[in-house]
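Dear colleague,

I am passing on the structure we spoke about, together with a written account of what came out of it. Please read the notes below with the structure open beside them.

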Amino acid sequence: MIICRLCRKGEMRSMRNITLGTIIFAVLGAVECTSVGRAQAPAIDWERQKAETLQHYLTLVRIDTSNPPGNETKVVDYLKKVLESENIPTRILALDPNRANLVARLKGNGTRRPILILGHTDVVGVQREKWPVDPFGAILRDGYIWGRGTVDDKHTLAANLIVMLLLKRSGVPLDRDVIFLAESGEETDPTDVGMPFMVEHHFDEINAEFALTEGGTSTIDNGRVSVVQIATAEKAPRRVRLVTSGSSGHASVPRVNNAVIHLGAAIQKVGAWETPMRLNDTTRTYFEKLASISVPEKAARYNGLLDPQRSAAIQRYLALSEPSHYSMLRTSVVPTMLKGGIAPNVIPSEAEATIDIRALPDEDVPRFYEEMARVINDPAVRIVPIASSRPVAPPSRLDNEMYRALEQAVKRVYPESTVLPAMVTWYTDMALLRSKGVQSYGIGPALTSEDNTNFGAHSDVERILESSLYKFVQVTWEAVTDVAVRK
Ligand SMILES: [Zn+2]
């Protein structure tokens, strides 16, 4: 039997286009099968598609939607014009007329639930003096496209737009509706005009089985994409204030109930608190697969995390040398702000600290706060939760059609890469969708480590390799058509 290199279970009879060449490739372990029901998506001439992709993308980058104030409706107007000129109806949904959201839907036959493809229309602000080019010029130079939003998040908007246009033009039958959402206010949204508004008031418009958006990363090493991380889970902010009280008085007379002293001791304790390590499907798979592509010394560390004899030492190492990996293992507790005192000679009656807590997706938060109180062990310290509109959302699955489609899409476009599921330690709009039961996945364009560090999302200067834009469109297309086109 010939085994498919992607799903590892396909049989010869289920392979596409069997020829002598196929059999030779199969023997070499390079054949893909259709046993997982790969849909027959229309063939696209990607070389010819470049010009149109680039034209929409440059236009989107050139529309200044820096936030605040965002003014995302300018992008919405453009998208509406493009979509409707190809007979794709749109709906504009706005809490604030300057910060509208746009939804468009291609109807499927309804045998399966929709897929939502979404991107945000706002970008973070710019300090113009730091830019070598106009940040809203979308200048092409040295193989790059330069501009605010080039990797956060106008590439997603452009890719999703192209997918909609190509699907519509091809007329290919769909099993699922494909829903396009251009959302406002992802970067800054004090009045909840973006995803919170859509989820709370127009969820019917975007309700889907799967969602695909930004949030993953693809890393270029020596000119090739080596690792692709698909975001499947995230931590949730569950910050608190620690408030201490004591008696006030003249600072020439020491007091044992001094609020500042109690606060200092409490911060020391929570700062040193090693909260329990806990892996979920995403992080377990992440470390296993990361080990499989790491040098032996690193691999031994990732594989040893669950070994009771070695785990503590490995975690200590990660805390010092790979802090983001350390954070992926646990709910983290990080003191960030202090407040207390009005004069050098006055003992204040109150002092407080802000503690940034990032909870694992399955954290029992009230119990966690109780545990924290036990760790602090001081009745003079109160733990005051800071309200958060971000739900704690369960990770999205790794064993469903969407995740498999993404893995295979990545393999087709970047054959030499390894795919890892990833839990991001910050929060994204996917949490709102996941909390409503939408299995949500984040992907990202291919960047070199240097570009990711110096020219990535929210950097002083942002840029994308032109070639990465086109590949990103292809990954999006492959994944969406795989799950949506009629099987
Ligand atoms: Zn973004």
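**An enclosed strand and its partners**

Strand β17 (residues 350-359) is largely enclosed by the rest of the structure, because nine of its 10 residues are buried. Please keep in mind throughout that this is a predicted model. Strand β12 (residues 236-237) pairs with β17 in the antiparallel sense over two bridges, and here A236 has A359 as its bridge partner in β17. Strand β13 (residues 240-245) also runs antiparallel to β17 and is joined to it by six bridges, with E352 of β17 being the bridge partner of V243. Strand β15 (residues 332-340) is antiparallel to β17 as well, with eight bridges between the two, and in this pairing V334 stands opposite D356 of β17.

**The zinc site**

Which residues coordinate the zinc ion? The ion is held by H120 through NE2, by D152 through an OD atom and by E214 through two OE atoms, at 1.8 to 2.5 Å. The arrangement is irregular, because the four donor atoms around the zinc ion subtend angles of 53 to 149°. Along the sequence, the donor residues follow the spacing H-x31-D-x61-E. Since H120 belongs to strand β4 (residues 115-120) while D152 sits in the loop between β7 (144-146) and α4 (154-170), the pair ties together parts that are 32 residues apart in sequence. H120 counts as buried, at 0% relative accessibility, and D152 is likewise counted as buried, at 8%.

**The nonpolar cores**

In soluble globular proteins, nonpolar side chains tend to be buried together. In this model the largest nonpolar core has 78 residues, and the members that touch the most others are L167, V178 and F180. Once neighbours within four places in sequence are left aside, V178 is in contact with A104, R105, L106, I115, I117, M164, L167, V480 and A484.

**Salt bridges**

As to accessibility, E52 is buried, at 18% relative accessible area, whereas R169 is partly exposed at 41% and E86 is partly exposed at 22%.

A salt bridge within a helix is formed by K80 and E84, whose closest N and O atoms are 3.4 Å apart; these two residues are separated by about one helical turn, because they lie four residues apart in helix α3 (residues 73-85). Both ends are partly exposed, K80 having a relative accessible area of 29% and E84 a relative accessibility of 32%. Finally, a network of salt bridges links R112, D175, R176, E209, E401 and K487.

With best wishes

Definitions and conventions
Residues are numbered from 1 along each chain as its sequence is written. This is a predicted model: local features need pLDDT of at least 70, side-chain atom pairs count only at pLDDT 80 or more; totals for chains, interfaces and linings use all residues. Side-chain values use heavy atoms; hydrogens and water are left out. A nonpolar core is a set of buried Ala, Val, Leu, Ile, Met, Phe, Trp, Tyr and Cys residues joined through side-chain atoms within 4.5 Å. Buried means under 20% relative accessible area, exposed over 50%, partly exposed in between (1.4 Å probe, protein chains only). Contact means heavy atoms within 4.5 Å. Donors are N, O and S atoms within 2.8 Å of the metal (3.2 Å for Na, K and Ca); water is not among the atoms, so sites may look incomplete. Four donors count as tetrahedral if all angles lie between 85 and 135 degrees; four count as square planar and six as octahedral if opposite donors are over 155 degrees apart and all others between 65 and 115; anything else is irregular. A salt bridge is a side-chain nitrogen of Lys or Arg within 4 Å of a carboxyl oxygen of Asp or Glu. Two strands pair if DSSP finds at least two bridges between them.
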